[in-house]
Amino acid sequence: MSADTPVKAVKTEGTDWVSKIWDFLTSLKLIIILLLILATLSITGTLIEQNKPLQEYYRIYQPGTVALFSKLGLFDMYHSWWFVVCLSLLALNITACTMERYRGIMAGMQKKNLILDEKLSKSLQNYTTIRYALPLTVIEAKMLERTGKAFPGKSLITKSDDGVSHYFFEKGKYSRLAFFMTHLSILIIFLGAMAGSFFGYKGYVNIAEGEMVSQLETRSGNIQSLNFQVKCNTFRAEFYSSGSPMDYRSDLSILQNGKEVIRKTIRVNDPLTFEGVTFYQSSYGALPDQVIIDVLKKGGSITGSVTIPFGRKVDVPGVSDKVEVVDYQEHFHLKNGEEGGRAVGVTIYPAKGEPMERWLLVDHPEYDQTQDGNQSYRVKDLQMKKYTGLQINKDPGEILVWLGSLLLIAGIMIAFFLSHKKLWISLRTDNKGKSELKIGGTANKNRNAFGIEMEQIIQDLKEIS
Amino acid sequence: MTNSLLFGIATFVYFFAMVLYVSYLAFRSEVLGKVASISLLGGVVVETAAIGMRWYESYQMGIGRAPLTNLYESLAFFAWTIAVIYLVLERKFKIKTVGAFVAPFPFLIMAYAALNPNDIQPLVPALKSNWLISHVVSCFVGYAAFAVSFCVSVLYFIKVGAESRSPKSGGSFWGFLPSSSALDEIGYKTIAIGFPLLTIGIVTGAFWANVAWGTYWSWDPKETWSLIVWLIYAAYLHARITRGWRGKRAAILSIVGFAATLFCYLGVNLILSGLHSYGSMS
């Protein structure tokens, strides 16, 4: 690795602490310790379940432990300041090491030591001398032809003062750049992740069939408006005969200025992207579209019925109250713990006094009569409307993440499987009038494999006749 | 189903291969060694047919999916990749004696797989993706490479101990093993195969997650553990390449790395909860 020995960075004005910090940032110790710390922290994060509602933690841990963990950020540790500090240190370390290695790598790519002399030959592998009876010009032509098979590309020829010709061949020079590829790729991925969290958003919306939305609430709690409308034309869920899900699909339209610009059926694994915003099939469900409710007097006689579209306040016949359907549950839990079936949540707005919330059980119409009050309600008819649940994501940093990933994979492949190989050959006529060829080479990695390659080349050269 | 029968036969062939490799170790007969390699190869051929048959039969059932989606199938594929990677390395590095320590894995894994339900279930929507095959194959070939490196690293410790006790005979009883420095080198080379594949596995997984759920990294336990494995082997490679860590320290990291790999593969599914539900033992 002689050519790869790192060249020390120029110390700035000899200030001791600067070089100390620099040495710390470029030390192998730092990187190994950082990698192991990150591994340990990550393990912790999988043992303590992350980002659960607080009450779940109280179920698992003592209240004191919950308070401590919560203060330390252990419930959302991948976003805690100390985890971010570790990642930043890693980024700094990678940057510093890249700068530190820059000159060494560039130096290794330069063509130097073009003359195969005594001193150079000692650092080469498979150093061999071959003698021929043929004239030098013949040997040169055949040597160039045969070596050219293993080392394509022009060789560099230098004549030394003693009349010896030196030929320099190399290949895989740019494999030395794999170091930059693997290390800068990590920084690019970090940049992409940061760009995503600063300039992007993630959110979620439910859109009922036939309806459209033009804004959403992001995970961070902001309202994000879109430059267009998304309409859910239809939603379909299909199941296998065993009951397990087979396919979820939403037929979506994007509208701009009232005109449809794109229409696509999205599925899980097949989202729709428009103007950098991507819509993913995430969940589905149903909400009451229209509910017809009977109003009953105390005693049980019907005083009238009322049709309530979802989300609209409607007058209750016979009294001055208003009623609104606000919620729906597929599996309502009764107070005694039993399953109550479908339930419609309504809010009653009396003429005087506070609004009241009530659950009306579709499958147990008598349920509301057990409550206090002058009148009770029961669901006479319930029309449901399906909705699709979409995950919405805008991530301008994504492209950087994929670019970094590709660079990382390519860099690792090159680093492991390619090496910079150099070959020197010198030709001269020796004092007995014979043609003398000397050959030797080096590789910056995997010298065993290069040794085998060298043996093959030497064998080829020996067979020149 | 024909595929179950073929998987059963493959398990038996792996068992015989294991017995033959151990016998080769005991008797050092060239013929035994050849037969051992051939039977392991035979196991691979039968299991390849089994995997192909299972794939084909899933189409006949009208399901049509790659056989890589539940615990049974992933264990069977894991056994297959270990056998294949080992056979390639045996040819390349002439390490037949190591076979006695690697060959039990395909058999034991297949035997464990047989304890799990093996009916062909249709895929849930999230798994219906072209990324399934590339993601699973790259991860598992990486895991298998780490498994072989683990075996070689354990052998390294045995060999080093034997060499220090009787330096002249190259470790008397353990003399048949490759030298400790050769084991060290093979352990490294195997990781050098596994690491790029694990990287590809993580990247394809992230890409797939982004297509399916709109997020390429969610710190799900499986993702996090694959990152932990990646970090451990990254530490190994940095220590080895830039600091020349060889021998014991490198072997310890390789063993720790494989322990993390096993947890990532099985532990996460059996103990923690997350997106990769194939391993849940309910």
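1. A term is needed at the start: two residues are in contact if their C-beta atoms, placed from the backbone, lie within 7 Å. The model is a predicted one. In that sense of contact, Ile186(B) touches Leu89(B), Phe93(B), Ile95(B) and Val152(B), leaving aside residues up to four places away in sequence.

2. Ile186(B) belongs to helix 7 of chain B, residues 180-213. Is Ile186(B) buried or exposed? A residue counts as buried if 20 or more other C-beta atoms lie within 10 Å of its own. Ile186(B) has 23 such atoms within 10 Å, and is therefore buried. Its C-alpha atom is 8.9 Å from that of Ser153(B), although 33 residues separate the two along the chain.

3. Chain B is assigned two domains, domain 1 (1-123) and domain 2 (129-282). Their C-alpha centres are 20 Å apart. Contacts between them involve 21 residues of domain 1 of chain B and 20 residues of domain 2 of chain B. On the domain 1 side, helix 3 and helix 4 of chain B are the elements that give two or more residues. Helix 3 of chain B gives the most, with ten residues.

4. Helix 1 of chain B covers residues 2-27, which is 26 residues. From first C-alpha to last it reaches 37 Å, close to the 38 Å expected at 1.5 Å a residue. Just after this helix, Arg28(B) takes a positive phi of about 50°.

5. Which residues of helix 1 of chain B are buried? Among them are Asn3(B), Phe7(B), Val13(B), Tyr14(B), Met18(B), Leu20(B), Tyr21(B) and Tyr24(B). The cover over the buried residues of this helix includes helix 2 (30-60), helix 3 (71-93), helix 4 (99-102) and helix 5 (104-113) of chain B.

6. Turning to chain A, its secondary structure consists of ten helices and 18 strands. The radius of gyration of chain A is 38 Å, whereas a compact globule of 465 residues would have one near 23 Å. The C-alpha trace of chain A spans about 130 × 50 × 45 Å along its principal axes. Buried residues are 25% of the 465 residues in chain A. Of the contacts in chain A with a separation of 6 or more, 59% join residues 24 or more positions apart.

7. The domain assignment divides chain A into domain 1 (2-109), domain 2 (118-170 + 421-462), domain 3 (173-195 + 396-418), domain 4 (198-286 + 389-395) and domain 5 (287-384). The centres of domain 1 and domain 5 of chain A, taken over C-alpha atoms, are separated by 57 Å.

8. One open sheet in chain A has five strands in the order 1-18-17-3-2, with antiparallel pairing. Strand 1 (125-132) and strand 2 (156-159) of chain A are at the edges and have a single partner strand each, so one side of each lacks a neighbour in the sheet. On average, neighbouring strands of this sheet are turned by 15° against each other, direction ignored. Strand 2 of chain A is joined to strand 3 (residues 165-171) of chain A by four bridges. Ile157(A) stands opposite Tyr167(A) in strand 3 of chain A.

9. Helix 7 (residues 136-150) of chain A packs on this sheet, touching strand 1, strand 3, strand 17 (421-429) and strand 18 (435-443) of chain A. The direction of helix 7 makes about 170° with that of strand 17 of chain A. Helix 10 (residues 447-462) of chain A lies across strand 1, strand 17 and strand 18 of chain A, and runs at about 0° to strand 1 of chain A.

10. Another open sheet in chain A is formed by four strands in the order 12-13-14-15, paired antiparallel. The edge strands are strand 12 (314-315) and strand 15 (356-361) of chain A, each pairing on one side only. Strand 14 (residues 339-349) and strand 15 of chain A pair over six bridges. Ala343(A) is opposite Leu361(A) in strand 15 of chain A.

11. How many residues of chain A are in contact with chain B? There are 35, and they meet 33 residues of chain B. Helix 2 (28-47), strand 7 (245-256), strand 10 (277-297), strand 16 (375-394) and helix 9 (398-417) of chain A each supply at least two residues to this side. The largest share, eleven residues, comes from helix 2 of chain A.

Methods: Residues numbered from 1 in each chain as written. Chains lettered and ligands numbered in written order. Predicted model: local features only at pLDDT ≥ 70, side-chain atom pairs only at ≥ 80, totals over all residues. Pairing = 2+ DSSP bridges. Axes fitted to C-alpha atoms, helices over the stretch in contact; angles between N-to-C directions. Expected span 1.5 Å × (residues − 1). Buried ≥ 20, exposed ≤ 12 C-beta atoms within 10 Å, placed from the backbone. Domains from an automatic or database assignment. Rg over C-alpha atoms; globule rule 2.2 N^0.38 Å.
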